[in-house]
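Thanks, everyone. Let me walk you through one model, and please hold comments until the end.

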Amino acid sequence: VFAGHKEISKIVFPNALQEIGVKAFSGCTGIVTLLFPSAVRLICDYAFENCISLRYACVDDAGKPEWIEFGPRPFDGCIALEEVRLPEPEWWEDHPFQNCPLLHTIDIIGKSSIEQYNAIIRNNELLAGCNGTLIPNGVKTICNRAFVNSPGLRELEIPDSVCNIEEDAFVQHPNLVLLCTPGSVAEEFAKRNDISYRLVEH
């Protein structure tokens with residue numbers, strides 16, 4: 001109904017809304033800000049793809065939302081998106097913020113400021129990152145497609161706790177430099193995948 005309507009600049013969602021459908025607002029290029037009600041539990045496939053003016057997407061935390069799920073790539077191609085605020089994602093099929101080259105803040109509702117790393121981390125696995133990601137010590141795995149087209153991510157320090165970096169963890173990052181310790185999993189990964197790296201001592 002709404003997909004492709006470039007004249008839409010503001011959306012007021014019903015407070016009881018729980019699901020946003022497949023490609024519901026795809027190509028609505030006039031949208032700048034999204035405020036989802038705390039009742040939202042599912043944002044479906046490509047729901048906001050190519051909303052090229054979207055800069056900020058937030059789930060209202062007044063109702064203390066605890067989780068959310070994503071279909072594949074709900075924000076794919078939102079090239080102006082800078083910041084998202086959302087509850088802990090429970091499930092998705094592919095990086096929800098793929099091809100969002102300006103994204104620098106991923107704020108997880110319910111986590112304190114010292115627990116915010118501008119990334120989605122669960123069970124010691126880094127699932128999705130962005131330009132502003134800091135990887136805390138304790139993360140063990142960087143998952144496939146955790147970083148997709150984040151050109152502002154020029155340097156990323158990999159702590160020694162990381163013991164597994166999946167082969168497609170970094171996609172479309174030609175200028176990325178990994179900071180890692182000698183003999184680490186990160187150093188071996190960088191060598192194997194022809195990624196620039198710099199050795200550091202902790």
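One definition before we start. A polar contact is a pair of N or O atoms within 3.5 Å; within protein, one must be able to donate a hydrogen and the other to accept it, and residues adjacent in sequence count only if both atoms are side-chain atoms. Here is a case: the side chain of Asp 76 makes a polar contact with the side chain of Asn 99, at 2.9 Å.

Now the ground rules. This is a predicted model, where local features need pLDDT of at least 70, side-chain atom pairs count only at pLDDT 80 or more, and totals for chains, interfaces and linings use all residues. Residues are numbered from 1 along each chain as its sequence is written, and side-chain values use heavy atoms, with hydrogens and water left out.

Back to Asp 76. Asp 76 sits in the loop between β5 and β6. Strands here are DSSP runs of E, at least two residues, numbered from the N terminus. Is Asp 76 buried or exposed? Asp 76 counts as buried because its relative accessibility is 11%. The cut-offs: buried is under 20% relative accessible area, exposed is over 50%, and partly exposed is in between, with a 1.4 Å probe and protein chains only.

Compare another loop. Lys 64 is in the loop between β4 and β5. Its relative accessibility is 68%, so Lys 64 counts as exposed. Lys 64 and Ala 39 are 25 residues apart along the chain, and their C-alpha atoms are separated by 9.3 Å.

Asn 131 is buried, because its relative accessible area is 15%. A polar atom of the Asn 131 side chain lies 2.9 Å from the backbone nitrogen of Gly 152. For the backbone nitrogen of Leu 153, the distance to a polar atom of that Asn 131 side chain is 3.1 Å.

On to the sheets. Two strands pair if DSSP finds at least two bridges between them.

β2 pairs with β4 (residues 56–59) in the parallel sense, over four bridges. Leu 34 stands opposite Ala 57, and Leu 35 stands opposite Cys 58. In a regular strand the side chains alternate between the two faces of the sheet. In β2, Leu 34 and Phe 36 make up the covered face, while Thr 33 and Leu 35 make up the uncovered one.

Arg 85 stands opposite Asp 107 in β8. Which way do the β8 side chains point? Thr 105 and Asp 107 go one way, Ile 106 and Ile 108 the other, and all are buried.

There is another open sheet of four strands, in the order β1-β3-β5-β7, again with parallel pairing. The edge strands are β1 (19–20) and β7 (89–91), and each pairs on one side only. β5 and β7 pair over two bridges. Ile 68 stands opposite Pro 89 in β7.

On a 1 Å grid over the protein atoms alone, a cavity is a set of points where a 1.4 Å probe fits but cannot get out, and a pocket is an open set with protein on both sides within 12 Å along at least five of seven lines; lining residues have an atom within 4 Å of a point. Grid points are joined across faces, edges and corners, and a volume is the space filled by probe spheres set on the points.

How many cavities of 30 Å³ or more are there? The count is one. The largest cavity holds about 60 Å³. Its lining includes Phe 36, Ala 57, Ile 68 and Arg 85. β4, β5 (68–70) and β6 (83–86) each supply at least two residues of that lining.

The largest pocket has a volume of about 170 Å³. Among its lining residues are Thr 33, Leu 35, Phe 36 and Asp 60.
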